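Please read it alongside the sequence and the coordinates.

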Amino acid sequence: MKKEIFAGGYRFLAMTFIGVFAMTAIGLQQHHLSLNVPLNSNTLIVASIFLGLLLLAVHMKMTTYLAIQNERILINSGYHDFAKDTVDIHDMKYIYRVSQFIVAWYGCSLMVIYFRDAKGGMRHSALRERNYSPGTLKAFLSRIVKINPSIELDPEYQDFLSGTLELRSPSKNRATSVEQ
């Protein structure tokens with residue numbers, strides 16, 4: 001059984017470490033850069049919150065991935081918190097890029113994959129672009145299109161694969177425009 005893994009990026013993990021470091025530095029500055037912080041209930045609560053955030057970031061990094069099994073099945077572990085979506089690649093119809101938030105210019109984008117289910121209805125799975133590096137997204141899209149060339153790609157993804165667009169800004173597409 002051949003399995004190709006497209007792992008999530010380190011961006012969220014790095015941002016969490018930077019945030020925890022910044023909060024710790026601010027806290028130490030308020031205590032005059034002394035490591036002699038009194039060990040009381042407030043300190044333990046804040047330390048527990050910091051540790052929880054770090055563990056959450058590491059957990060998200062370790063469990064967010066895309067996998068292609070036997071050039072047939074896509075496993076998407078990055079959209080739902082506990083479940084993993086499995087999709088037959090040959091049932092995929094469209095891959096669109098939409099803004100994750102109501103305001104299109106704010107935030108990041110989702111890659112929405114539309115496919116036919118066993119009953120013939122249209123369903124979707126999605127992944128958050130910010131969880132993956134641009135190189136990983138490009139490799140993933142190229143591989144999916146190579147396996148199933150009949151998949152219709154969003155024009156933004158076509159431009160991304162051709163090298164004329166970078167995925168730094170959120171998509172101008174809205175979910176309602178895609179569903180029409």
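This is a predicted model: local features need pLDDT of at least 70, side-chain atom pairs count only at pLDDT 80 or more; totals for chains, interfaces and linings use all residues.

Which strands form an open sheet with antiparallel pairing, and in what order? The sheet has four strands, in the order E1-E2-E3-E4.

Residues are numbered from 1 along each chain as its sequence is written, and side-chain values use heavy atoms, with hydrogens and water left out.

**Overall composition**

The protein chain contains five helices and eight strands. Helices (H or I, at least four residues) and strands (E, at least two) are DSSP runs, numbered from the N terminus. Along the sequence their pattern is β-α-α-β-β-β-β-β-β-α-β-α-α. Of the 180 residues in the protein chain, 34% are buried; buried means under 20% relative accessible area, exposed over 50%, and partly exposed in between (1.4 Å probe, protein chains only). The accessible surface of the protein chain is about 11,300 Å², and carbon and sulfur atoms contribute 60% of this surface. Areas come from the Shrake-Rupley method with a 1.4 Å probe, and for residues only the protein chains shown count as cover. Among contacts (heavy atoms within 4.5 Å) in the protein chain with a separation of 6 or more, 56% involve residues 24 or more positions apart.

Two strands pair if DSSP finds at least two bridges between them. Strand E1 (3–7) and strand E4 (85–88) are at the edges with a single partner strand each, so one side of each has no neighbour in the sheet. From one strand to the next, the twist averages 20°. For angles, axes are lines fitted to C-alpha atoms, for helices over the stretch in contact, and values run from 0 to 180 degrees between N-to-C directions.

E1 is joined to strand E2 (residues 65–69) by five bridges, and the two run antiparallel. Ile5 has Ala67 in E2 as its bridge partner, and Lys3 has Gln69 in E2. E2 and E3 also run antiparallel, with four bridges between them; here Ala67 stands opposite Ile75 in E3. These two strands form a hairpin with three residues between them, and Asn70 in the turn has a positive phi of about 55°.

E2 is mostly covered, as five of its five residues are buried. Tyr65, Ala67 and Gln69 point one way from the strand, and Leu66 and Ile68 point the other way. In a regular strand the side chains alternate between the two faces of the sheet.

**The sheet E7-E6-E5-E8**

A further open sheet of four strands has the order E7-E6-E5-E8 and mixed pairing. Its edge strands are E7 (122–128) and E8 (152–153), each pairing on one side only. Strand E5 (residues 92–99) pairs with strand E6 (residues 109–116) in the antiparallel sense over seven bridges. Within this pair, Tyr94 has Tyr114 in E6 as its bridge partner.

Gly121 lies in the loop between E6 and E7. Its relative accessibility is 28%, so Gly121 counts as partly exposed. Apart from neighbours within four places in sequence, Gly121 is in contact with Phe115 and Arg116.

At 1.5 Å a residue, the 14 residues of H3 should span 20 Å, which agrees with the 20 Å between its end C-alpha atoms; the expected span is 1.5 Å times one less than the number of residues. Buried residues in H3 are Thr136, Leu137, Phe140, Leu141, Arg143, Ile144 and Ile147. Viewed down the axis of H3, they fall within an arc of 165°, so they line one face of the helix. The arc is that of the directions from the helix axis to the C-beta atoms.

Helix H4 (residues 155–162) has Glu156, Tyr157 and Phe160 as its buried residues. They cover an arc of only 95° around the axis, which puts them on the same side of H4. Their cover includes E5, E6, H3 and E8. The exposed residues Pro155 and Ser162 are on the face of H4 turned away from its buried side.
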